[in-house]
There are 2 protein chains.
Amino acid sequence: MKIICDKKHISQKVTICQKAINNKSSNDILKCFLIQAKNGVVKLISYDLDMAIETTIEAQIIKEGVIAVNARLFGDIVRKLPDTLIEIEIDLQNNIFIKYENSKFEIKGHSPDEFPKLPEVKKNNLHSISQNVLKNMIKQTVFAISQDSTKQILMGELLEITNNKVSLVAIDGYRLAVRSYSINKNFDDIKIIIPGKNLNDLNSLLSTEGVVEIGFDDKNAIFIFDNIKMIIRLLEGDFIDYKKLLPREHNTKIKVNTKDFLNSIERASLLSQSDKNNLIKLSIREKIVAITSNTDKGNVYEEVQISLEGDYLDIAFNSRYLIEGLRNIESEYIYLEFTTNINPCIIKPIEDIEYNYLLLPVRITSN
Amino acid sequence: MKIICDKKHISQKVTICQKAINNKSSNDILKCFLIQAKNGVVKLISYDLDMAIETTIEAQIIKEGVIAVNARLFGDIVRKLPDTLIEIEIDLQNNIFIKYENSKFEIKGHSPDEFPKLPEVKKNNLHSISQNVLKNMIKQTVFAISQDSTKQILMGELLEITNNKVSLVAIDGYRLAVRSYSINKNFDDIKIIIPGKNLNDLNSLLSTEGVVEIGFDDKNAIFIFDNIKMIIRLLEGDFIDYKKLLPREHNTKIKVNTKDFLNSIERASLLSQSDKNNLIKLSIREKIVAITSNTDKGNVYEEVQISLEGDYLDIAFNSRYLIEGLRNIESEYIYLEFTTNINPCIIKPIEDIEYNYLLLPVRITSN
């Protein structure tokens, strides 16, 4: 193999592909990129067995060929090269020569035969969706996945297509975030579970413009956008029937300014951060919600203006769960709907009916 | 005590004073700010026994008084408050009430009697120097202090005033950085040693405009600037006679573009980073210095253009020491002067005769 390409360009592709490198693996080949010059196209490929990324490199091919190379070392070198054309050549012993201006690197490559074969995903029946929409769907839900590795399924998000609506759902046992988006094409109904970790990777690569093509089979999801092909292995199992968890009724409903409410809760939580439960109390009255926290560090009392429909209520929450939900809402005002102080509360952005964030209260003894 | 002040303003002062808080101390009072409203002035003070910082807070004093308060908790609260006027009040039990808009915090303070007394430094005979000059002097030398806690003295920098010149000097046994600055006033000659850690703190607070007043006694140095008074306890002992270490002669002198040389060395060092010595070799010839590194990861060959005076030379260095020195030089071109490949090399910016960076080579067996 011998190719000539632009440093800046290959450097960008290296950064993208590094997301599917497993530097902690005991298997050296999973720490490698595959560089492949074949049929007039140069590809940079990474695959950690959970996720694969394939990108195309614009390059002049002098001689076709293929090589595996340690991703960190290759990445460190490529990023440090001067902004110029670089030549990458391999010999029969898998040595890699990287030449630029009057200088050169010679590093050891690995046999490409050891590199794992990427899963094949059927690419007919692809769905098309705006990258920005998918990006926001991930951002507004992925923080609520479980961090508990004994609950593998909940470390992923449900991606559901039904009734001309695509939804992403995350649940960790204490809260639930669901983000839907109406699609006007007729898609087949599906339900798959995608690991949250890989959704974060996808999110970091999606841009705010253009579309992403999405496809699925039983084992994998594929995302194609901006010259990037990402294949993610799905989690196997059944997701919680989340729709059953969403309360249908409420006895108390308040409208509050998102930012004011968030700021007050963030301040109130300052005293409770050493506490395991991050406990804060809300006292909902006629025009005011009082947010209080009493810990060994001291006491805090915060007042935020609200409009109230329904009953007064005293209820306690883990402030971290409230804060994470509120931080991901862009709407200026939100509704909070409550049934009792032992039932979940649901947060709905006023300007965005397709987002629901539900969280369980912490039981408190009345005092 | 009862004062009213602006959130943004006190928040800035809190950030400044936090530099002299020792959160690792087992003594709670060293984790505290002292807030003092006395004689019409409100001061925020911190003191970790090595360094003290005193700042003035613009505030309306309703009632004079003094209190100590946990710096991290007070800082976290103040930073999170809305941008408005806040009222800070204490009661006789050292409770602190922080009120703003319709909300309030109540936290426990500490008795101010426990707070250590700040050292007194005579403030006659202060030297005045540009903040920007002092900032650069610190930046260009402090990275070369020793990290070895068995060499206490070398964890500090020599500050020397002699012959109308002020110099900062750092040595760690492998290299020496000396930065001088000509002053046209007649100062008394002095030699003091200031801990590098505290110079870094000072550097982070100095701005690029205005002057700083500097004073010394046997035990402490004082720096007064921008409404900040910083007192640093000096290190006791004798500093190495660094002037003896600077070579007077050379057999080889090259002129090289700083950036090109730095970039090539950074690249060449990529393969040697796992190696303890970060070894790179320079081969100085007529118009070229070749920079090479051969490790188990591979080989690299870099060429940089030079002008040469004197003999050809092969010499090896720890690349980290070269890189750190070169990164702190702003001059476009530098001279490197060598005697032999076992004697120190000295780096001099062409446009800045008052900076010298000297480093020891690594002995290599010829091959």
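## Exercises on a predicted two-chain model

Strands here are DSSP runs of E, at least two residues long, helices are runs of H or I of at least four, and both are numbered from the N terminus. Two strands pair if DSSP finds at least two bridges between them.

This is a predicted model, where local features need pLDDT of at least 70, side-chain atom pairs count only at pLDDT 80 or more, and totals for chains, interfaces and linings use all residues. Residues are numbered from 1 along each chain as its sequence is written, with chains lettered from A and ligands numbered from 1 in the order in which they are written.

**Exercise 1. Find the bridge partner of Ala52(A) in β17(A), then work out which strands stand at the edges of the sheet.**

Step 1. Look across from Ala52(A) and you land on Ile231(A).

Step 2. Write down the strand order of this open, eight-stranded sheet of chain A: β6-β2-β3-β4-β17-β16-β15-β10, paired antiparallel.

Step 3. Check the ends. β6 (65-70) and β10 (127-130) of chain A each have a single partner strand, so one side of each is left without a neighbour in the sheet.

Step 4. For angles, axes are lines fitted to C-alpha atoms, for helices over the stretch in contact, and angles run from 0 to 180 degrees between N-to-C directions.

**Exercise 2. Say which strands pair with β19 of chain A.**

Step 1. Take β19 (residues 279-284) and β22 (residues 313-318) of chain A: they pair in the antiparallel sense over six bridges. Here Ile280(A) stands opposite Phe317(A).

Step 2. Now try β20 (residues 288-295) of chain A, which pairs with β19(A) over four bridges, again antiparallel. Lys281(A) has Thr292(A) as its bridge partner.

Step 3. Trace the link: a hairpin of three residues joins β19(A) to β20(A).

**Exercise 3. Describe how α5 and α6 of chain B pack.**

Step 1. Get the geometry. Helix α5 (residues 258-269) and helix α6 (residues 319-327) of chain B pack at an angle of about 150°, with axes 10 Å apart.

Step 2. Name the arrangement: that angle makes α5(B) roughly antiparallel to α6(B). The cut-offs are under 35 degrees for roughly parallel, over 145 for roughly antiparallel, 65 to 115 for roughly perpendicular, and oblique for the rest.

Step 3. List some contact residues. Phe261(B) and Leu262(B) are among them on α5(B), as are Leu322(B) and Ile323(B) on α6(B). Residues are in contact if their C-beta atoms, placed from the backbone, lie within 7 Å.

**Exercise 4. Work out how chain A and chain B meet and how the copies are related.**

Step 1. Count both sides: 24 residues of chain A are in contact with 24 of chain B.

Step 2. Spot the strands that cross over. β21(A) and β9 (residues 103-108) of chain B run antiparallel, joined by four bridges, and Val300(A) stands opposite Phe105(B).

Step 3. Superpose chain A on chain B: it takes a rotation of 180° with 0.0 Å of shift along its axis (RMSD 0.0 Å). That is the relation of a two-fold axis.

Terms used
Two residues are in contact if their C-beta atoms, placed from the backbone, lie within 7 Å. Copies are superposed by least squares on the C-alpha atoms of residues with pLDDT of at least 70 in both.
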